[in-house]
Amino acid sequence: MRESPRIFMEKFWRYAIRCYMALHPAWIAEIFHGLDFKNNGESDLATGTLAPIKFYELTQRELNYANRANSPLTMISIGYTFNKETLLWLEYSDISKTEIEFLISEILDLIISVAAKVSKTLRSNEVVARLGVITFAILIRDDATAAKILTARLLSILEASRDEFANNLIGSAFELMQLEVNVLCNSYKANTNLAQFLSSVNF
């Protein structure tokens with residue numbers, strides 16, 4: 001019996017996080033563990049955005065409707081990644097416990113701030129979920145043209161928030177750290193399943 005798309009995606013994200021942590025020093029894993037990627041089944045506890053499980057269920061319903069009604073549906077993935085130079089620098093840096101706690105606090109502030117600003121930008125029928133430690137997904141009932149307009153606004157929010165984050169790191173052990181802004185967008189095509197739709201906007 002095939003597993004449901006929801007179970008598949010839960011396993012996928014857990015596997016992705018384990019792989020990331022396995023590739024980097026223990027203290028980097030500690031930072032990611034400290035970033036409160038937890039939910040109560042309904043919403044993400046740090047940002048108040050939709051929990052992954054709820055987002056998958058909602059997306060599946062919207063996919064079913066889009067397929068029946070031939071209506072537009074678009075998913076946008078936004079967030080940050082550490083560039084290769086930053087990861088290399090971090091791997092060979094001697095980071096103290098206090099500095100780790102400082103960085104966790106700053107990244108959490110960044111995530112919470114971005115989530116709040118993005119939520120204010122969306123219309124009532126558009127939803128945002130935190131699907132990764134520093135990534136979000138947005139589902140809109142609209143086509144690629146409307147998504148392009150929204151994407152431009154989201155990019156502006158991400159870049160301004162990243163610059164503010166960088167300013168907060170000046171004078172700390174992490175002032176050379178650089179976050180890359182990522183925005184991906186994909187509109188629904190007939191007979192696309194949940195796993196395919198999600199993977200099409202996965203960084």
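Helices (H or I, at least four residues) and strands (E, at least two) are DSSP runs, numbered from the N terminus. I worked on a predicted model, where local features need pLDDT of at least 70, side-chain atom pairs count only at pLDDT 80 or more, and totals for chains, interfaces and linings use all residues. Residues are numbered from 1 along each chain as its sequence is written, and side-chain values use heavy atoms, with hydrogens and water left out.

**Thr49**

I started with Thr49, which sits in the loop between helix H2 (26–33) and helix H3 (52–69). Buried or exposed? Thr49 is buried, at a relative accessible area of 3%; I take buried as under 20%, exposed as over 50% and partly exposed as in between (1.4 Å probe, protein chains only). I then looked up its side chain and found a polar contact of 2.7 Å to the side chain of Thr47. Such a contact is a pair of N or O atoms within 3.5 Å; within protein, one must be able to donate a hydrogen and the other to accept it, and residues adjacent in sequence count only if both atoms are side-chain atoms. Leaving out residues up to four places away in sequence, I listed what Thr49 touches, including Ser43, Asp44, Ala115, Arg130 and Phe136; contact means heavy atoms within 4.5 Å.

**Strand S1**

Next I went to S1 (residues 74–82), where eight of the nine residues are buried. Which strands does S1 pair with? I found S3 (residues 135–140), antiparallel over six bridges, and S4 (residues 179–187), antiparallel over nine bridges. Pairing requires that DSSP finds at least two bridges between two strands.

In H4 (residues 84–91) I marked Thr86, Leu87 and Leu90 as the buried residues. They cover an arc of only 100° around the axis, so they lie on the same side of H4; the arc is that of the directions from the helix axis to the C-beta atoms. On the other side of H4 I have Lys84, Glu85 and Leu88, which are exposed.

Ser96 lies in the loop between H4 and helix H5 (97–121). I have Ser96 as partly exposed, at 32% relative accessible area. I also checked Ser96 against Ala173: 77 residues apart along the chain, with C-alpha atoms separated by 9.4 Å.

**Aromatic rings**

Rings of Phe, Tyr and Trp (its six-membered ring) pair if their centres lie within 6.5 Å; planes under 30 degrees apart count as stacked, over 60 as edge-to-face and the rest as tilted. By this rule I get one aromatic pair. The rings of Tyr188 and Phe197 have centres 6.4 Å apart and planes at 85°, so I logged the pair as edge-to-face. Both Tyr188 and Phe197 are buried.
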